[in-house]
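Please open the model in the viewer and display it as a cartoon. The tour starts at one element and then widens to the chain.

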Amino acid sequence: MKNINWIVLTLVIIGALNWGLIGFFGFDLVTSIFGGTFFWIARVIFAAVGIAGLYALTFYKGVSSSRQS
């Protein structure tokens with residue numbers, strides 16, 4: 001797996017876990033870590049997770065080509 005795929009997968013997992021925490025407990029981990037004066041870091045992380053999610057859409061190409069009939 002290419003390095004970019006590992007990075008994207010990691011960011012998508014971070015985003016999914018953060019959304020799970022928000023959904024189940026109302027707790028935003030990223031904002032709680034980087035809130036306050038470092039809120040811009042949280043915004044960068046959110047943007048990176050969003051871009052990673054868009055890139056992860058290309059993973060469907062690999063799933064459909066490796067599927068056996």
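**First selection: helix 3**

Select residues 39-56: this is helix 3, whose 18 residues reach 25 Å from the first C-alpha to the last, close to the 26 Å expected at 1.5 Å a residue. That expected span is 1.5 Å times one less than the number of residues. The model is predicted, so local features need pLDDT of at least 70 and side-chain atom pairs count only at pLDDT 80 or more, whereas totals for chains, interfaces and linings use all residues. Residues are numbered from 1 along each chain as its sequence is written, and side-chain values use heavy atoms, with hydrogens and water left out.

Next, show the side chains of Ala42, Val49, Ala52 and Ala56, the buried residues of helix 3 (buried: under 20% relative accessible area, with a 1.4 Å probe and protein chains only). They lie on the same side of helix 3 because they cover an arc of only 85° around the axis, taken from the directions from the helix axis to the C-beta atoms.

Then turn to the face directed away from that buried side, where the exposed residues Trp40, Arg43, Ile51 and Leu54 are found (exposed: over 50%).

**Second selection: the protein chain**

Now select the protein chain, which has 4 helices and 0 strands; helices are DSSP runs of H or I of at least four residues, and strands are runs of E of at least two. Along the principal axes, its C-alpha atoms fill a box of roughly 50 × 25 × 15 Å. Finally, colour by burial: buried residues make up 13% of the 69 residues.
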